[in-house]
Amino acid sequence: MADYIIQTKNLSKSFVDVLALDNMTLVVKPGVFGLVGPNGAGKTTLIRILLGLAKPTSGEASVLGQDVVHNSYEIRERIGVLHERATFPKAMKVRAYLDRVCRMYEDRRTSEELLEMVGLAYAGERPIGKLSAGMHQRLGLAQAFAGNPELVILDEPTVNLDVKGRRETIDLVVEMYRSTGVSFFISSHILSELERACDSIAFMKNGRVLDSGSIADILSRYAQGVWRVRTSMPEAFASRAGAIKGVRSARVTGSTLVTVTAEREWTEDLQDHLRNLSMTENLGVHAIEPSMSLEDAYEVVMDNE
Ligand SMILES: Nc1ncnc2c1ncn2[C@@H]1O[C@H](COP(=O)(O)OP(=O)(O)O)[C@@H](O)[C@H]1O
Ligand SMILES: [Mg+2]
């Protein structure tokens, strides 16, 4: 198997007045990979290029070792896709629709198998238009697996779901990865769900990859100099902490919570400074905890821009 399932090199895509991808270089290893970034970051544009649905303005990209411009047909044969806000024919019944999708592939699964995989066996005779939003996305996952793919690309698979639906969809992805070993590439603007599903991620903004790697690597790079301070006087503490040399930011992040981030070279000293501050002034501090959430890392990366 190739080392990388997706690779881009200096990839750019410009539209009339927007640079949607800006010299983007990214490598993705087999496994579950998450591409996270705010709306407009360029996630869908990248996915469309990977699928051969849009042409790069410059640079290169390959999927499963094949060039996206010259071999897009071969690529599409080997991967499954669930597009952003995908819709399926409302009047068709679930099983009949999957039968139709399966017929398009030479190497195919059966609709029975697919329905079983996504937990929709009980709803095979239901018209697609009568499915809940969560069931609709499960159908989307089923059709992505119809052609026995080596890689499945999901563009914002949870975007129109409620909290429960989001959780169920992500759980299903994890389960499908465990049972099939098929790699996933998932885009989302919601970090927490990617953190749960993925082993590696990339942070993307303004058409560029700001950082990428395994979640453990990213945490160790960024979340070290971040501390959470529990205090009954968060505004006062944040304003005093913000004035300490070496503090990049001190933000009120909860009714009794301040998140303090150090400049990189001050990472080691920050905790001492915060302790001193809480001892010398009455700022209602009851705990100073290291913060190791990916969300903190994400904020640091995005703020650096
Ligand atoms: N077909 C298009 N024509 C013009 N601008 C586009 C087109 N598609 C995307 N864009 C622009 O490119 C940028 C990236 O969009 P997109 O890839 O959809 O981001 P994301 O999926 O991360 O929300 C946005 O500024 C968007 O408006
Ligand atoms: Mg998008």
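Reader: Which element gives the largest share of the lining of the second largest pocket?
Author: A pocket is an open set of points on a 1 Å grid over the protein atoms alone, with protein on both sides within 12 Å along at least five of seven lines; lining residues have an atom within 4 Å of a point. Here the largest share, three residues, comes from H8. Helices (H or I, at least four residues) and strands (E, at least two) are DSSP runs, numbered from the N terminus.

Reader: What should I know about the model itself?
Author: This is a predicted model: local features need pLDDT of at least 70, side-chain atom pairs count only at pLDDT 80 or more, and totals for chains, interfaces and linings use all residues. Residues are numbered from 1 along each chain as its sequence is written, chains are lettered from A and ligands numbered from 1 in the order in which they are written, and side-chain values use heavy atoms, without hydrogens and water.

Reader: What is the volume of the second largest pocket, and which residues are closest to its centre?
Author: About 170 Å³, where a volume is the space filled by probe spheres set on the points. Of its 13 lining residues, Arg221, Tyr222, Gly225, Arg264 and Thr267 are closest to the centre. Helix H8 (215-222), strand S13 (257-262) and helix H11 (294-304) each give two or more residues.

Reader: And the largest pocket: what is its volume?
Author: About 390 Å³. Of the 18 residues lining this pocket, Arg76, Val81, His83, Tyr105 and Gln143 are closest to its centre. S6 gives the largest share, four residues.

Reader: How many cavities of 30 Å³ or more are there?
Author: A cavity is a set of points where a 1.4 Å probe fits but cannot get out. The structure holds one of 30 Å³ or more. Its lining includes His83, Glu84 and Asp155.

Reader: Which atoms of lysine 43 and glycine 42 lie by ligand 1?
Author: A polar side-chain atom of lysine 43 lies 2.8 Å from a ligand 1 oxygen. For glycine 42, a backbone N or O atom lies 3.0 Å from an oxygen of ligand 1.

Notes. Polar contact = N/O pair within 3.5 Å; in protein donor to acceptor, adjacent residues only side chain to side chain.
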